[in-house]
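Subject: Structure handover

Hello,

Here is the structure we discussed, with notes on what turned up in it. Please look it over before you set anything up.

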Amino acid sequence: MTATAVPPHTVTSRSYPNLYKDSVSLMTVSAQILGVPGIVTASVVMGSATNVENLAQAGLGEFEVRPNDLIVAVSGTDEGCAEALARADDLLTSRGTSDDGAAPAAAPVVSLQMAVARDPSLNLALISVPGDYAAAEAMKALRLSMDVMIFSDNVPPEAELAIKEYARDRDLMVMGPDCGTSIVNGVPLGFANVVRRGSIGVVGASGTGTQEVTVCIHRNGSGVSHALGTGGHDLAEAIGGISMLHGLAALDADPATDVIVLVSKPPAADVAAKVLAAAEESAKPVVVIFLGADPVNVTRRGVHGAKYLAGAAEMAVALARGEEPRTYDLTISNDMRRTIRDLARAMAPSQKFVRGIFSGGTFCFEAQLIHAAQGIVTHSNVPIDGNMTLADIARSHENTIVDMGDDEFTQGRPHPMIDPSLRDARIGEEIDDPTTAVVLFDVVLGYGSASDPTAELLGVIGSARARARADGRAVAFVAYVCGTDLDPQDRASVVAGLKSAGVHVASSNAEAAVWSAAIVSELGGGAA
Amino acid sequence: MAEDVVEALGDPTALADVLSAVVGRGPGLTPAGDDVLVGIAAVVASESAGSRGQAATAALRHSIRAALPGTTDVSAHMLRQACNGLIGRAIHELVSALVGSNVRGVRDRARRVVGIGATSGADTCAGLLAAAPLYLPFAERTAA
């Protein structure tokens with residue numbers, strides 16, 4: 001840095017009050033002006049007390065500056081110094097990129113505000129941060145007039161209410177907290193399947209429920225305008241269904257939507273009444289599935305109650321085609337009846353029970369309902385009314401149907417849809433249990449889910465089944481694959497793989513549960 | 001310069017002198033001297049540095065106050081945070097790797113720290129390495 005006198009020798013400098021440039025830019029400027037012909041010394045530093053002292057000692061000038069000021073000081077020939085200061089000024093005050101690529105790249109977007117500043121057309125924020133922060137981030141997004149999807153759970157109810165009331169007053173949508181699935185303008189968000197676009201809009205309080213309805217709409221040849229998740233707590237009394245009512249109104253006003261489907265586990269009574277009244281007001285036909293509620297109590301003018309998720313989809317497709325919706329037919333075909341009888345006959349006397357191992361919470365719920373309708377009481381970590389709470393979630397007891405995607409199973413673990421290894425291991429354990437008659441499970445495809453969700457499972461089933469056979473037992477396998485031919489995973493090959501492993505693959509979650517319940521009934525199980 | 005600070009940590013008068021020469025010194029938005037101090041703070045404020053480390057952190061926190069007006073606002077804030085044990089994740093992870101004598105971890109994490117800013121990361125490493133032998137308990141290791 002010291003100038004070994006090369007006369008003629010000038011010292012010039014310039015200071016920039018309160019100019020902050022990151023160190024990389026400062027180094028760049030420094031290197032550039034040192035390269036100017038005739039320059040002997042160049043210093044580009046912040047005006048801190050020590051730096052000012054050093055500059056004075058180095059003979060680069062006396063400065064009356066504050067620490068936040070930037071100093072450029074150079075020594076060398078007259079022309080060199082003038083050129084260097086001009087060059088530095090250029091680099092320090094230029095905005096945007098320079099064509100030599102030396103200017104620093106644009107700062108990465110680290111806040112919603114930065115994102116909107118860069119692209120004002122952004123109008124939806126997807127929030128996935130720990131619950132404590134999710135509410136605050138959601139408020140930031142709403143203040144920027146963005147709709148919000150909150151994937152995160154564990155947002156306190158008061159915060160959820162505050163966010164949703166704020167959004168409602170500004171005609172904005174809050175999907176979540178705990179919203180796992182949405183499809184907005186054809187874009188899948190969270191755990192969502194790739195479905196055709198079409199005229200059926202969905203508002204869903206349950207993630208896998210929404211996945212099943214959209215998948216079945218696609219498979220029945222129709223398509224989805226939007227699927228808006230509300231999060232699992234929206235229809236609780238404390239929140240009052242604010243998001244579902246908003247979603248319903250939005251789809252009612254949406255010219256691309258002809259039919260609306262509402263999906264939820266049974267809401268609080270007051271909330272159900274409010275939602276159904278709004279559905280009746282809608283100018284468009286509305287299919288309502290409140291899982292576990294009698295469709296008759298839901299049905300009213302322009303509102304069609306459905307009992308099963310797949311049935312709701314079928315009704316919506318019929319309505320979209322201008323046809324009369326029919327009740328979903330779950331009658332078991334004669335072929336399947338024979339198969340079920342054969343399966344039951346091949347079982348050892350110890351084999352009596354269903355073991356339902358689910359990754360989708362709503363699938364677990366629907367399967368319990370269908371078994372209960374056949375008089376089969378099950379144990380679960382998330383029991384429906386009338387079922388029993390499992391004493392130890394790690395061990396099945398008699399008839400058991402568990403949701404491995406529930407919090408107790410996912411503490412510190414990825415959800416089984418993302419990493420199915422715990423689910424696979426559990427299925428292996430069930431096959432080894434001499435009292436297991438049927439293993440019932442779901443495989444959920446789509447964005448968010450594992451890229452090859454049955455990769456390990458087929459091996460687990462193969463080896464456990466060989467052990468069971470050596471033990472004189474033949475376990476029945478029933479599964480449903482929730483997904484479409486457009487999903488990132490290859491649905492056809494997942495189904496083919498399961499079938500070749502001896503799994504009976506149903507066309508809906510409800511059908512799989514009906515088959516499973518039939519096998520247990522055939523064994524004289526049920527009322528254990 | 002890093003060694004001078006580390007040596008002075010036990011002597012308030014010497015520490016104040018050294019800090020007045022180091023704080024705000026050198027190139028960068030966070031001047032190099034300040035980055036060195038962050039590296040030292042990261043070591044002495046780490047849990048592994050124990051009660052000696054706590055005493056050194058308290059001394060640093062106390063003596064640095066007088067020097068902070070001499071540096072940039074950004075850097076003063078960074079130093080105040082560092083003296084309260086709040087340091088960047090990459091730096092924290094490097095300290096943990098040093099304590100664990102995890103050679104590969106140290107290499108990877110040091111690379112990450114060196115990548116911070118233009119020279120800030122390397123300056124931080126200089127401070128960290130000056131303080132580490134005196135304050136971190138290293139696991140006994142046989143020579144390779």
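Contact here means heavy atoms within 4.5 Å. Note also that this is a predicted model.

Helix packing in chain A

By that contact criterion, Thr208(A), Gly209(A) and Glu212(A) in H7(A) meet Gly361(A), Thr362(A) and Phe363(A) in H13(A). The residues of this contact divide into one nonpolar, four polar and one charged. Helix H7 of chain A covers residues 207-219 and helix H13 of chain A covers residues 361-373; their axes come within 6 Å and cross at roughly 80°. Angles of 65 to 115 degrees count as roughly perpendicular, so H7(A) is roughly perpendicular to H13(A).

Helix H7 of chain A also holds Thr210(A). At 1% relative accessibility, Thr210(A) counts as buried. Apart from neighbours within four places in sequence, Thr210(A) is in contact with Thr181(A), Val202(A), Gly204(A), Ala227(A) and Val263(A).

Chain A overall

Chain A has 528 residues, of which 52% count as buried. There are 18 helices and 20 strands in chain A. Taking contacts in chain A between residues at least 6 apart in sequence, 69% join residues at least 24 apart.

Aromatic rings and charges

Over all chains, a search of the whole structure finds three aromatic pairs. One of them is formed by Phe151(A) and Phe191(A), a tilted pair with 6.1 Å centre to centre and 40° between the planes. Phe151(A) lies in the loop between strand S5 (147-150) and helix H6 (157-169) of chain A, and Phe191(A) in the loop between strand S8 (187-190) and strand S9 (197-204) of chain A, so the pair ties together parts that are 40 residues apart in sequence. Phe151(A) is partly exposed, at a relative accessible area of 31%, whereas Phe191(A) counts as buried at 10% relative accessibility.

Two arginines lie over tyrosine rings. In chain A, Arg170(A) lies over the face of Tyr166(A), at 3.5 Å from the ring centre. In chain B, Arg52(B) lies over the face of Tyr135(B), at 4.5 Å from the ring centre.

A buried aspartate in chain B

Asp35(B) lies in helix H3 (residues 32-44) of chain B and is buried, with a relative accessible area of 2%. Not counting residues up to four places away in sequence, Asp35(B) touches Thr30(B), Met78(B), Ser120(B), Asp123(B) and Thr124(B). For Asp35(B) and Thr124(B), which are 89 residues apart along the chain, the C-alpha atoms are separated by 4.8 Å.

Backbone points to check

Most residues other than glycine have a negative phi, and most peptide bonds are trans.

- The peptide bond from Gly176(A) to Pro177(A) is cis, with omega near 0°. Pro177(A) is in the loop between strand S6 (174-175) and strand S7 (181-184) of chain A.
- Asn18(A) has a positive phi, near 50°. Asn18(A) sits in the loop between strand S1 (10-16) and helix H1 (23-34) of chain A and is partly exposed, with a relative accessible area of 49%.
- Asn185(A) likewise has a positive phi, near 50°, and is found in the loop between S7 and S8 of chain A.

Regards

How values were computed
Residues numbered from 1 in each chain as written. Chains lettered and ligands numbered in written order. Predicted model: local features only at pLDDT ≥ 70, side-chain atom pairs only at ≥ 80, totals over all residues. Heavy atoms only, no water. Axes fitted to C-alpha atoms, helices over the stretch in contact; angles between N-to-C directions. Helix = DSSP H or I, 4+ residues; strand = E, 2+ residues; numbered from the N terminus. Parallel < 35°, antiparallel > 145°, perpendicular 65-115°, else oblique. Nonpolar A, V, L, I, M, F, W, Y, C, P; charged D, E, K, R; others polar. Phe/Tyr/Trp six-rings, centres within 6.5 Å; stacked < 30°, edge-to-face > 60°. Buried < 20%, exposed > 50% of the residue type's maximum accessible area, 1.4 Å probe, protein only. Lys NZ or Arg CZ within 6 Å of the ring centre and 35° of its normal.
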